[in-house]
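Keep the viewer open while reading.

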Amino acid sequence: MSRTDTLFRPVDLGKLSLKNRIVMAPMTRTFSPGNIPNDLVVDYYRRRAEGGVGLIITEGTCIDHPAASGYPNVPSFYGEEALAGWKRVVDAVHAAGGKIAPQLWHVGGIRRPGVNPGGATPGHSPSGMARPGKVTGHAMTQQDIDDVVAGFAKAAADAKRIGFDAIELHGAHGYLIDQFFWEGTNQREDGYNGDLAARSRFALEIVRAVRAAVGPDFPIIFRFSQWKQQDYSARLCETPEALGAFLTPLAEAGVDIFHCSTRRFWEPEFEGSDLNLAGWARKLTGKPAITVGSVGLNADFLPDDGTADFREAQPASIDNLLERAERDEFDLVAVGRALIANPDWANQVQAGNFAHLAAYEKEMLHKLH
Ligand code: FNR
């Protein structure tokens with residue numbers, strides 16, 4: 001038995017059976033000209049599946065709505081050509097023994113200048129996040145809301161139809177769904193604003209519509225975060241009670257797995273307990289949870305040649321991760337940047353070949369390897 005076996009046992013999460021607990025975190029890569037995933041994208045995901053990842057969550061891919069996309073060359077999740085491209089990604093990942101879910105995305109009020117500018121930009125109501133270089137949209141009408149809900153449902157049904165194993169809803173990081181959750185950005189004056197339960201109404205409508213579109217047996221993953229665009233101190237839920245009240249209705253609406261986005265997996269979420277955000281989500285809802293944040297970016301994982309961008313050592317160590325896995329603090333662990341640097345990260349870690357792992361460097365984002 002190897003030291004890391006606890007991460008590499010098959011795991012059965014009800015609707016989703018995986019060969020191990022390693023997930024590729026969703027990462028926007030902007031390598032889809034015309035918003036169509038091409039051969040380079042197929043090979044990029046194929047390499048991670050061949051490299052041993054149990055479940056790939058794709059880069060955010062935009063639902064069919066005029067304001068869903070905020071960045072150039074992000075793949076769409078609608079239209080014959082884009083879906084055909086995604087089907088080739090799915091087939092390549094399956095042939096390599098992996099599973100894959102698209103991350104369905106609507107950016108809301110956050111977009112690069114020049115991408116769907118001005119009036120075609122329904123977002124949230126007057127935004128607390130307006131800042132230079134960002135365009136703030138007009139408040140969404142009820143029609144906008146209904147269209148977006150239908151857009152998510154259609155995308156989820158298409159994901160199932162073309163062979164994806166699950167879908168992930170991007171409810172994190174200050175994009176559209178999260179803009180409704182957060183007081184700082186939801187300034188509506190209707191039934192979509194109020195306390196956090198009321199601000200969750202939009203997300204709940206999406207989850208229910210998606211569930212109705214995919215049927216009872218298709219897994220729905222929901223990604224959420226406490227932090228918001230560039231505001232890492234933001235907190236959606238200050239207490240475990242508030243987190244439970246936030247997540248429970250989402251679980252009841254049809255979420256199967258919570259993807260709990262944090263920047264460092266080892267950080268306790270609330271005072272008085274060592275549990276991280278995934279640990280709390282799991283404990284409060286009884287649903288499986290994915291942890292994430294700086295896995296593999298520390299000295300324990302990397303050759304000591306000074307190239308790692310993160311060197312706090314012990315808290316970030318493989319031992320810390322394994323201990324948390326062994327006490328079931330999380331079901332799955334998502335890995336982002338370490339998998340950009342090392343397509344075969346999972347296989348190398350399973351084999352204990354830590355010295356073979358390359359350090360992540362920002363320049364690696366300039367091409368799709
Ligand atoms: C991201 N992240 C991200 N998250 C998300 O929900 N949707 C996305 O499209 C993206 N895009 C993205 C691009 C790039 C280049 C990076 C590095 C990150 C966040 C990502 O999923 C993950 O949560 C963080 O990177 C933390 O994990 P690591 O990298 O520390 O393992």
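In strand β8, Ile257, His259 and Ser261 point one way, Phe258 and Cys260 point the other way, and all are buried. The model is predicted. The chain has 12 helices and 10 strands. Of its 369 residues, 49% are buried. Among contacts with a separation of 6 or more, 73% link residues 24 or more positions apart.

- β8 is mostly covered, with 5 of its 5 residues buried.
- Strand β7 (residues 220–225) pairs with β8 in the parallel sense over 5 bridges.
- In that pairing, phenylalanine 224 has cysteine 260 of β8 as its bridge partner.
- The two strands also belong to a right-handed β-α-β unit, made by β7, helix α8 (residues 240–253) and β8.
- Strand β8 (residues 257–261) pairs in turn with β9, again in the parallel sense, over 2 bridges.
- Here histidine 259 stands opposite isoleucine 290 in β9.
- Strand β9 (residues 289–292) is covered on both faces. Ala289 and Thr291 lie on one side, Ile290 and Val292 on the other, and all are buried.
- β9 pairs with strand β10 (residues 332–335) in the parallel sense over 3 bridges.
- Valine 292 has alanine 334 in β10 as its bridge partner.

- Strand β5 (residues 99–105) is mostly covered: 7 of its 7 residues are buried.
- Lys99, Ala101, Gln103 and Trp105 point one way from β5. Ile100, Pro102 and Leu104 point the other way, and all of these residues are buried.
- Strand β4 (residues 55–62) runs parallel to β5, and 6 bridges join the two.
- The path from β4 to β5 goes through helix α3 (residues 80–95), and this β-α-β crossover is right-handed.
- Leucine 55 has lysine 99 in β5 as its bridge partner.
- β5 and strand β6 (residues 167–170) run parallel and are joined by 2 bridges.

**Helix α4**

- α4 has 20 residues and reaches 29 Å from its first C-alpha to its last. That is close to the 28 Å expected at 1.5 Å a residue.
- The buried residues of α4 are Val148, Val149, Gly151, Phe152, Ala153, Ala155, Ala156, Asp158 and Ala159.
- They pack against α3, β5, β6 and α7 (201–214).
- Aspartate 144 also lies in helix α4 (residues 142–161).
- Is aspartate 144 buried or partly exposed? Aspartate 144 counts as partly exposed because it has 17 C-beta neighbours inside 10 Å, while a buried residue needs 20 or more.
- The C-alpha atoms of aspartate 144 and alanine 159 are separated by 22 Å, with the two residues 15 apart along the chain.
- Glycine 163 follows α4 and has a positive phi, near 105°.

**Arginine 324**

- Arginine 324 has its place in helix α10 (residues 318–326).
- Arginine 324 is buried because 21 other C-beta atoms lie within 10 Å, and the cut-off for buried is 20 or more.
- Not counting residues up to four places away in sequence, arginine 324 touches Glu329 and Phe330.
- Glycine 194 is 130 residues apart from arginine 324 along the chain, and their C-alpha atoms are separated by 36 Å.

How values were computed: Residues are numbered from 1 along each chain as its sequence is written. This is a predicted model: local features need pLDDT of at least 70, side-chain atom pairs count only at pLDDT 80 or more; totals for chains, interfaces and linings use all residues. Helices (H or I, at least four residues) and strands (E, at least two) are DSSP runs, numbered from the N terminus. A residue is buried if 20 or more other C-beta atoms lie within 10 Å of its own, exposed if 12 or fewer, and partly exposed in between; C-beta atoms are placed from the backbone. Two residues are in contact if their C-beta atoms, placed from the backbone, lie within 7 Å. Two strands pair if DSSP finds at least two bridges between them. A crossover is right-handed if, with the strands pointing away from the viewer, the path from the first strand over the helix to the second runs clockwise. The expected span of a helix is 1.5 Å times one less than its number of residues.
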